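This is a short walk through one structure, written for someone who has not seen it before. Please look over the sequence and the model first.

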Amino acid sequence: TLPAVRIVEVGPRDGLQNIRDSIPTSTKLKLISRLEETGLGTIELTSVVSPRRIPQLADCRDVLGDEGVRKIGEKDLRLPVLVPTVKGLDIAIEYGVKEIAVFISATEGFSRANINCSVEQGIERARDVTSLALNSNVAVRGYVSCIFADPYDGPTQPASVLRCVKELLDAGCYEVSLGDTLGVGSPPNVRSLVTFLLDNDIPREKLAGHFHDTYGQAVANVWAAYNCGLRVFDSSVAGLGGCPFAPGAKGNVATEDLVYMFHNADISTGVDLSKLVEIGVWISDHLKKPNGSRAGAALAIK
Ligand code: HMG
Ligand code: MG
């Protein structure tokens, strides 16, 4: 049988962070608890970032402190929280968070816009946060954004991506997720970048794929990355997602679409697709958005 994949559900974080209308904390909590019931092994809960920059996730303390979320936290599940600074780490630790995700950009323009510092300073900050987290027994996942292009600077040099991946792994991240923040890459770009990273001694089991779907390439990109040996993929239920500092970028690849594809290929995900489809319909309804998952929308009317 073909090897299994691990899906990192980023709906409650990437999925919601760019939505203008304020979403009640209770809806976020319901989303998290419903996702947990689908068999997903990893759910990114929220971000501890500047509430001025990402107002939608300003309720991170209420999410992290919720009794239901704490109960889920006692199970054998990864529940990372996006954390860019030591201040954010301190808050996360105060709330008992056991895993964080640090994030840097391979490119200067997005680094400035997103985290208000240069790539170099971003690497330094991620290194400090990672080292402090590991000292507190908090696991650290890493993200590198703009793997193919930057909204302000244009195409990205593969060597910059390599450098960032190496830095995060050296810092102690257990895995680095490659972010096509703008959703502009296609399967040949994925193959070429991943091959370049593997040829430069980055172990395949340390890499994950994080594809936004602006150009409708995200499912194909996941498949291309799978065929290069990657086994971990980030996605959002109902294809929610986007970053306010990457204007025009669409949501993440939809979790339903990924699960549908992998199950059809006889590759296990551990996820109950029918439950996921119901959640996608429910959250889209709640947010008054069209369902961004094609498989989800199709299965819902069957
Ligand atoms: P800064 O803008 O450089 O300024 O912050 P600062 O460090 O002086 O902090 C500004 C204020 O934020 C200060 O408060 C700090 O205390 C506070 P003030 O003095 O003004 O009252 N602060 C914090 N507050 C809460 N939590 C914190 C924290 N740290 C500082 N952790 C910072 C730097 C990175 C914090 C800021 O620029 C920021 O929050 N940016 C938002 C970044 C973000 O969340 N972007 C979206 C997620 S990344 C993404 O979507 C890409 C990804 O999905 C992968 C991909 O698709 O490529 C991961
Ligand atoms: Mg993203």
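The model is a predicted one.

Start with ligand 1. Its shell consists of 24 residues, and the closest are S50, G88, N116, S145 and G179. Sorted by class, the shell around ligand 1 holds 9 nonpolar, 12 polar and 3 charged residues.

Next come two helices. Packed helices in general are described by the angle between their axes and the distance between the axes. Here, helix α9 (residues 187–199) and helix α10 (residues 218–227) have axes that come within 8 Å and cross at roughly 30 degrees. The crossing of α9 and α10 is right-handed. On the α9 side the contact is made by P187, V190, R191 and V194, and on the α10 side by A220, N221, A224 and A225. By class, this contact between α9 and α10 has 6 nonpolar residues, 1 polar and 1 charged.

The last stop is A139, a residue of strand β5. A139 has 18 inside 10 Å, so it counts as partly exposed. Setting aside neighbours within four places in sequence, A139 is in contact with K98, E99 and Y174. Between A139 and A113 there are 26 residues of separation in sequence and 27 Å in space, C-alpha to C-alpha.

Terms used
Residues numbered from 1 in each chain as written. Chains lettered and ligands numbered in written order. Predicted model: local features only at pLDDT ≥ 70, side-chain atom pairs only at ≥ 80, totals over all residues. Near = placed C-beta within 6 Å. Nonpolar A, V, L, I, M, F, W, Y, C, P; charged D, E, K, R; others polar. Axes fitted to C-alpha atoms, helices over the stretch in contact; angles between N-to-C directions. Helix = DSSP H or I, 4+ residues; strand = E, 2+ residues; numbered from the N terminus. Left-handed = near helix turned anticlockwise from the far one by under 90°. Contact = placed C-beta atoms within 7 Å. Buried ≥ 20, exposed ≤ 12 C-beta atoms within 10 Å, placed from the backbone.
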